[in-house]
Amino acid sequence: MIPQRVSCVVGARPNFMKVAPVYLALRSRGLQVRLVHTGQHYDAKMSAVFFDDLGMPRPDAFLGVGSGSHAEQTAKIMTLFEQDCTNWRPELTLVAGDVNSTIACALVASKLAIAVGHIEAGLRSRDWGMPEEINRVLTDHASDLLLTPSPDADANLLAEGIEPWRIRFVGNCMIDSLRAHQARAVALEPWRAFGLEAQGYVVATLHRPSNVDDPRQLAQLMAALGEVAKQLPVVFPVHPRTAARLLDAHITTPVGVQVVEPLGYLQFLGLMAKAAVVATDSGGIQEETTALGVPCLTLRATTERPVTITEGSNILLGVNPELLAPAVATVLAGSGKVGRVPQLWDGAAAQRIADTITQGFSTLLERAPK
Ligand code: UD1
């Protein structure tokens, strides 16, 4: 099929930078493109600022679902997105990444016999305790077109029995946004607002339930950031989920750590680009630091992005907070990983997605036995 009407779904912070370049590329090819925001993330600092920074128009539809349990949030998104699809009748729905909005909208579209394309398909942590892993696997199996960022993703999909004609290795769309905005972000010199110098600080982010929902783990991680701050100052932009947990558990901020509000896309990109080290449990930041050649220490037991380790600047540190300060010391002593930029992380992934869509692809329905 060659679709003319495409719905692009965004919902949570990591979706915006993946979908923006694809949305813009499809529009420039003359397709009718509808931008649907589920409202999974709704704080201005988690959502609106990204539209401005990425040059995205206001969404055509805002479903306003907000927070809730996984079931509540997923169910609300499904109900409202089903109405949106019934009214607008897209021929293709594009979803991205691994958040609840991704699986919810993929399920709705596939049951309405609308073709589904998954941006960032095929990533696997093999940790079934992560809600995102469940979202990744189920979204891939509900999708017609699996748009992968790296060859390991293709291998994962083939191993799960997904037909090769559904898989297209297109590269990493998140890096399209990074390359488009990197120079402007660095020119803002966002580190100066925190009284820091380029290369003279560590950036930390933590929001995974496995790190922040257990008060003991969170307290130990904050103490570990305090140890890091004895070497270099730490800036810690705090996700609302983490902020709430820090407050609930009465965890204080160690000396040398600046706990700040979530930053916009350009501010954070500029800060990350000139950091000495980044410590994180985010998926996307592992990729962005690899593209920037900035050493990254990942505070998780597994990663669904192994190419950032085998080729990039990422080290999987594990979940023991005590390992963080010695690992930072190793990097500062000059033994940090720089790595290289993986194949097709070249700023043109969205154009390859637009090529794939406008040249046509087979859908599951077309291939189904009659
Ligand atoms: C979601 C994604 C996660 C992604 C992260 C990026 C799922 C299952 N998880 O996690 O994969 O890495 O986004 O940020 O989809 N909150 C606000 N304001 C907001 C949004 C959330 O205050 O704009 C608070 C609410 O208290 C909410 C909590 O954060 O209950 C968690 O939000 P939720 O969307 O459920 O998951 P995230 O932790 O943000």
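1. Gln-199 is found in the loop between α7 and β8 (helices being DSSP runs of H or I with at least four residues, strands runs of E with at least two, numbered from the N terminus). Gln-199 is not a glycine, yet has a positive phi of about 70 degrees. Its relative accessibility is 46%, which counts as partly exposed (buried is under 20% relative accessible area, exposed over 50%, partly exposed in between, with a 1.4 Å probe and protein chains only).

2. This is a predicted model, in which local features need pLDDT of at least 70 and side-chain atom pairs count only at pLDDT 80 or more, while totals for chains, interfaces and linings use all residues. Residues are numbered from 1 along each chain as its sequence is written, and side-chain values use heavy atoms, with hydrogens and water left out.

3. Glu-189 sits in the loop between α7 (173-187) and β8 (202-205). Glu-189 also has a positive phi, about 45 degrees, without being a glycine. Glu-189 is partly exposed, at 32% relative accessible area.

4. There are 18 residues around the ligand, and Gln-40, His-41, Asn-100, Glu-132 and His-207 come nearest (a residue is near a molecule if one of its heavy atoms lies within 4 Å of it). Domain 1 (5-171 + 345-367) and domain 2 (181-335) each give at least three residues to this shell; the domain bounds come from an automatic or database assignment.

5. A ligand oxygen atom lies 2.9 Å from a polar backbone atom of Asn-100. A polar side-chain atom of His-239 is 2.9 Å from an oxygen atom of the ligand.

Key. A polar contact is a pair of N or O atoms within 3.5 Å; within protein, one must be able to donate a hydrogen and the other to accept it, and residues adjacent in sequence count only if both atoms are side-chain atoms.
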